[in-house]
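Take a look at the structure below and let's walk through a few parts of it together. We'll begin with strands and then move on to helices.

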Amino acid sequence: MEQQAFPFWSLSPDQLLRRLQSSAGGLSGSEAERRLDQYGPNSILQRKRPSTGIIFLKQFKSPIIIILIFAAILSLFLGEPTEAIIILVIVFFSGLLGFWQEKGAANVMDNLLAIVEVKTIVLRDGKQAEIPIEDVVPGDIIVLSAGATIPGDCLILESSDLFVDESALSGETFPAEKEPAITPEDTPLAQRTSALFMGTHVVSGSAKAIVARTGRATEFGRISQRLKAKPKETEFEHGVRHFGYLLMEVTIALIAAIFLINVALHRPVLDSFLFSLALAVGLTPQLLPAIISVNLAQGARQMAAHKVIVKQLQSIENFGSMNVFCSDKTGTLTEGRVQLNDALDINGNKSHQVLLYAYINSYYETGFRNPIDDAIRERKGFDVSGYSELDEIPYDFVRKRLSILAINNGQRLLITKGAFQQILEVCSKAETPDGKSVPIAAVRDRITSEFETLSEQGYRTLGIAYKDVGGKERVSKEDESDMAFLGYITFFDPPKEDAADTIRQLEDLGITLKVITGDNRLVAISVGKQVGLEGDVLTGRELNRISDQALENRASGISIFAEIEPNQKERIILALKRSGNVVGYMGDGINDAPALHAADVGISVRSAVDVARDAAEIVLLEQDLGVLAQGVEEGRVTFANTLKYVFMATSANFGNMFSMAGASLFLSFLPLLPSQVLLTNLLTDLPEMTIATDNVDSEMIDKPRRWDINFILKFMLTFGPLSSVFDYMTFGLLILILHSSPQLFRTGWFIESVISASLIVLVIRTRKPFFLSRPSKYLGLATLLMVIITIAIPLTPLAEPLGFERLPLTFYPALGAIVVLYIFFAELTKRIFYARLKF
């Protein structure tokens, strides 16, 4: 049911509560369920999980399959029931296999995505409850804090120092201040100070709000519908799509020619038509989508076992192809446990006053919780009961300061803590340990030198300043001026013991680590040296002075980007991508979302803020580069196994079908009946469905690899004709030497075709000699099973309805010799092929 569009920002909170039949305590659980059924999931895309029946029917959506089914039904009415029934049974069984694989892959992904589902806090039955954002309905009361994603279009009921990033809607870089208000109906979107919009997120502060619109009824939803924007196609998706087009073009041209030539040779039209369609089914990789889904889902399952959750399956290929990885140092190179080291006056000596003022600032801070404030608050022994907070100027990423207005015994002090340079720029004086004030110009060089010394030692150093504001009870950013610099607060985040080893592990995988940090260059260089990460350094100020082209030229050679502003991260990522790199970016903060979207692979951690976790395609359950490295290896295994199916579809399978098409032109009978063609295709597909479990040689995962359609074409044009050469040898053996009848010919050709196609999988799955690379247990068993089933079919009661005949014993050694020769020459060709081509 569609939601009504109305200017909710022009209503008072009470009016909107009445209109939406809600209350300050929120909806009841039963009412929320009813509204979810009424309005649907709170999703822009309105994604609906297809039913089991739809997934099954999808297996038969190919136009060729549909035509084949109709042709088989027509054959049934024209008096050839056996052939028609066999065709229909084989088509149904093929569809059943695809359905089973796709359904299993969907279930795996549902379970994995539930682990990293983005949730929001709502009031249900008067109590706070955490629910998936997709379950939010109009009338819900939501509770927001820094880092939270806005789950719908809302009206603020109450707020405290609330700042929201609306850049996704308004394009405005700076966060918008929000507070309860009533604004006219015709107020422009950017000026609706009491309204919150889906697709934005809280930068600082807190609020309660009532949800007025959800899903496609939101402002963000309407824009998305107008633009009809689709996610950018990954290189993997692009390659698979074009590979499908290539095979389809070859298939259409081939079956049209075969059908017309067979008709011209006065063969039965219906038989020729069915044969052409069956060839088309054999040539068309109809199981490609299912096998890719299973491979990717299996890869996602394996990656989850290594604490890496894949949110978008298609990102696995980019993850494995990644050759540049960008991340902050905190939590990746360091322990991520910020510890307060010391509080120092302007002379570098310990200072109780500096520590007290820092504690008051952090104690009363109400915005986004961060490790620095947590580390200060952990320092015990302070009694601040004599102080109370009057006002707060929240931290933001432009000022890089946080100010608290506190009162003690009638004295009102504005205490400011923040980045050293940003604190220094609002100070006109400095306070000495004995309480005297000196002009800042007189001590600036000494203060700065002390800061640099502390930074070179690896300490993250913040500045503390204060001033007496007289009788003021409210303050604004303009009050952060003419302050007194009091001293430094230093923090230490020790490097991880295994950081250097992990960096080497990434290098061994062909991945270059680049640190993008807001910390000053001296701290970043110090940490880099401790973990063995050395190289050129570029600061945010230097970045602002160079062009995009210059950055593109330099970016690949920079190891550490320091003193970086949040809006510069995306520029760095884009420059690295333009240099031809596949770039991964790991972020967990409010300001990381643009860079996560810009990267080829956006990576976050389970503990990240909602907006970062939502923007990421990969989520690490632990913030550890070792976990990332394991995930990359699993991603490459998945990509390598997917390529194996592509290579199989373009070698033996393609060669066999092409050979049958050619044989039908010079034989006086069809080389295989339509049902036999379909059975051949089904049996050769079965072992390939276990590819997801296969072992992968180490050389296939030791460096990033990318989808290369030209390489696949060369592979097809090399191994497809090789398969056809031995097919025609089989035809010659059966006709000229063994003098086979049509039925014996079809039986012999069926056995040789299926066995050779099954065994050749073991050759082309590896670049090594096949006997030096062991396949997985399931692939080996499936291949052996297919060989046994293929030999057994002509010996069973199924032989007669399928059109087969028991072979004389003399046929088996001859056919076996051809299979052995084929495997020998395929191995020889493989060695020459990979020696000449690098992939």
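Phe-325 sits opposite Leu-513, a residue of strand β18. That strand (residues 512-516) pairs with β9 (residues 324-327) in the parallel sense, over four bridges. Strands here are DSSP runs of E with at least two residues, helices are runs of H or I with at least four, and both are numbered from the N terminus; two strands count as paired if DSSP finds at least two bridges between them. Before going on, note that this is a predicted model, where local features need pLDDT of at least 70 and side-chain atom pairs count only at pLDDT 80 or more, while totals for chains, interfaces and linings use all residues. Residues are numbered from 1 along each chain as its sequence is written, and side-chain values use heavy atoms, with hydrogens and water left out.

Now zoom out to the whole sheet. It's an open one of eight strands with mixed pairing, in the order β8-β23-β22-β21-β9-β18-β20-β19. At its edges are β8 (308-310) and β19 (536-539), each pairing on one side only. Ignoring direction, neighbouring strands are turned by 25 degrees against each other on average. Helix α19 (residues 548-555) packs on this sheet and touches β18, β19 and β20 (558-562), where touching means heavy atoms within 4.5 Å. The direction of α19 makes about 130 degrees with that of β20; such angles run from 0 to 180 degrees between N-to-C directions, and axes are lines fitted to C-alpha atoms, for helices over the stretch in contact.

How do two helices pack? Two numbers describe it: the angle between the axes and the distance between them. Take α26 (residues 709-737) and α30 (residues 811-836): their angle is about 160 degrees, with the axes 10 Å apart. That makes the two helices α26 and α30 roughly antiparallel (over 145 degrees; under 35 would be roughly parallel, 65 to 115 roughly perpendicular, and the rest oblique). The residues in their contact divide into 18 nonpolar, four polar and two charged. Here Ala, Val, Leu, Ile, Met, Phe, Trp, Tyr, Cys and Pro count as nonpolar, Asp, Glu, Lys and Arg as charged, and the others, Gly among them, as polar.

Compare that with α16 (residues 499-508) and α23 (residues 625-649), whose axes come within 9 Å and cross at roughly 20 degrees. These helices, α16 and α23, are therefore roughly parallel to each other. Their contact involves Thr-502, Gln-505 and Leu-506 of α16, and Leu-625, Gly-626, Leu-628, Ala-629 and Glu-633 of α23.
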